[in-house]
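My notes are set down in the order of looking.

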Amino acid sequence: MSLLEVRDLKVSYTTRRGRIEALSGVSLALGEGEVVGVVGESGSGKSTLGQAILRLLPRYAHIEGGEVLFQGRNLLELEEDEMREIRGREIAMVFQDPYSSLNPVMRIIDHFSELYEEHGAGYTREEAAKLAGDILEKMGVPREKLLEYPHQMSGGQRQRVAIALGLALNPRLLIADEITTALDALVEAQIVDLLKEVRHTFKTSILFITHNMGLVAQLADKVTVMYAGKIVEFGNTRDVISSPLHPYTKALLASVPRIGGSKELQPIPGDPPDMRSPPPGCRFHPRCPLATEKCRSEEPPLKLKGDRLVACHYA
Amino acid sequence: MSHATMHKLLSLIDLKVYFPVKRTIGEVLSGRRRFLKAVDGVSFEIGKGEILALVGESGSGKTTVARTVVGLVKPTSGKVLYEGKDIFSLNGEELRRYRRRVQMVFQDPAVSLNPRLRVGVQVKYPLDVNNIGTPEERKERAFKALEAVGLTPPEEFYRRYPHQLSGGQRQRVAIARALVLEPELLIADEPISNIDVSARAQVLTLLKELRRRMGLSMLYITHDLSSAWAIADRVAVMYLGKIVEYGTVEQVFSEPLHPYTRALLGSVPSITPQQMLAVRVALKGEVPNALDLPPGCRLNPRCPFASEACRVSEPLLVDVGGGHLVACHLYSKG
């Protein structure tokens with residue numbers, strides 16, 4: 001059984017300028033100990049997916065349908081206090097900006113104490129400090145930093161602390177939403193190395209949300225490519241990267257410059273759709289070089305092709 | 001000045017930009033002053049139609065270099081020469097002319113564009129300020145600039161507001177605004193880092209096309225090495241206010257010499273994992289506080305190859321052959 005299974009999830013936002021369908025029927029499975037990458041551009045729905053799993057969506061969002069099965073339980077049907085038990089203990093989330101999980105007026109140690117207390121761990125101050133120090137050290141942050149405030153640390157260290165907090169209660173699943181995007185190149189590489197270590201030492205499953213296919217290649221066993229609120233391709237990372245089936249995946253991979261590769265870039269024509277009125281049929285058709293009449297009128301279902309899922313009439 | 005620099009469009013000569021740091025009471029009493037050495041002796045040249053990529057992490061000083069070139073920041077010492085003339089000695093009409101010839105594009109079009117003004121008004125604005133042409137001519141030139149960046153039909157985009165555009169389109173508006181004065185040199189500070197992945201290749205391709213069509217020279221500032229590879233002729237790698245390596249993109253990317261350049265290249269998350277491990281040099285820790293620079297080579301506390309020499313003397317930028325410059329004791333003999 002999968003650790004996490006998302007089935008036909010639909011989420012919309014009500015904004016002043018109209019209703020936006022952020023997720024239009026997204027399905028995804030993540031096995032025990034697996035790292036699954038979710039790749040997409042802004043507006044693809046990848047962050048909405050992460051937030052919906054933990055029911056951390058903003059108030060103007062509505063879950064319109066679908067299921068989020070975690071170890072067989074549908075998280076969408078749980079009471080709020082049951083959900084609070086799940087967050088942190090079973091599923092933790094780390095964000096792009098570590099300040100979303102760190103309080104600027106609290107020392108690092110207090111973040112851990114609060115977390116332990118909230119989940120009724122019942123540790124003494126000394127025990128809490130010892131455990132928090134241990135996990136910080138595993139994340140490459142010296143124990144002494146426990147007494148510091150977030151602003152006294154570098155961006156990379158703050159993100160390490162945020163990951164340490166995420167792992168503090170030893171969750172089964174870690175959702176990492178663009179956690180290296182705000183970091184410098186070298187620090188980004190260090191955090192990726194850290195996540196590789198985490199999956200081995202903690203056996204944590206990771207849902208790794210990013211816009212960077214290169215990071216997915218480094219880290220993820222499987223990858224889901226999202227476009228305009230839908231999954232267009234899903235499969236083993238190596239296969240998807242070496243032989244992408246969906247035209248969007250192909251175009252995305254070809255548009256990214258590679259050092260040592262061709263300097264003639266192949267940009268994807270056009271722009272992502274306005275999600276208030278997504279195009280009919282296949283949502284990629286206005287930008288797709290292969291689009292036909294069928295693509296303009298008929299929505300391609302996500303079909304199994306070998307051990308890959310693809311949503312394209314012509315894949 | 002040598003003859004070689006005479007026909008270069010832009011030359012930076014030993015540019016230093018130090019920012020004074022707010023003093024503590026102790027420092028006020030003792031009369032001491034501390035400076036943040038944002039740029040500490042940077043020299044490079046950009047020829048006509050050339051694209052130089054200035055690569056570095058945040059805090060390396062690359063943006064300060066850009067701001068100095070457009071005259072937004074005054075250098076502590078050193079010179080910025082445009083066609084051999086010190087831009088900080090220009091005034092009156094000469095200065096206005098320089099400002100027309102050098103234009104800048106910023107990182108975030110959501111910030112650099114005014115949300116309340118129509119796109120056309122903003123693209124046309126530099127012409128209004130400089131009092132160029134009749135109102136009809138200005139509008140015509142704004143249309144042309146919009147067309148040049150691929151926002152067609154221009155009449156349609158002229159009327160829109162920034163929020164009605166995608167991130168990539170907004171950045172193209174910012175580029176159109178920079179182009180409307182028909183500059184010779186474009187300073188592009190991280191122009192693709194805040195836009196969507198699929199729009200990045202569009203903007204890079206556009207910048208290359210502008211160079212081809214208009215002979216535009218460019219200072220392209222980025223932390224993204226892959227984009228520097230795709231767009232630039234030459235690349236300068238900066239670390240803590242200094243250039244540590246300089247050369248053609250082929251020289252620097254296929255034969256990186258400085259441990260910092262090698263670490264940076266190794267950190268690029270490549271699509272094929274093996275490639276990454278091959279060149280990777282692991283640096284220790286993170287960039288130190290720029291107010292408290294280590295003595296000797298600035299990289300020495302983090303560098304796996306650091307020796308005694310690196311801790312005492314600062315390596316000079318020397319030519320290791322064919323115009324490939326490196327500032328590292330590993331390559332300087334004696």
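Conventions. I worked with a predicted model, in which local features need pLDDT of at least 70, side-chain atom pairs count only at pLDDT 80 or more, and totals for chains, interfaces and linings use all residues. Residues are numbered from 1 along each chain as its sequence is written, and chains are lettered from A and ligands numbered from 1 in the order in which they are written.

Entry 1, β3(B). I took strands as DSSP runs of E of at least two residues, numbered from the N terminus. I called a residue buried if 20 or more other C-beta atoms, placed from the backbone, lie within 10 Å of its own. Strand β3 (residues 51–55) of chain B has five of its five residues buried, so the rest of the structure largely encloses it. B:L52 and B:L54 point one way, and B:I51, B:A53 and B:V55 the other. In a regular strand, side chains alternate between the two faces of the sheet.

Entry 2, neighbours of β3(B). I counted strands as paired if DSSP finds at least two bridges between them. Five bridges pair β3(B) with β8 (residues 217–222) of chain B in the parallel sense; B:L219 is the bridge partner of B:L52 there. β9 (residues 234–239) of chain B also runs parallel to β3(B), joined by four bridges, with B:A236 opposite B:L54.

B:V326 counts as buried because it has 26 C-beta neighbours inside 10 Å. Its C-alpha atom is 8.8 Å from that of B:P315, 11 residues apart along the chain.

Note on methods
A residue is buried if 20 or more other C-beta atoms lie within 10 Å of its own, exposed if 12 or fewer, and partly exposed in between; C-beta atoms are placed from the backbone.
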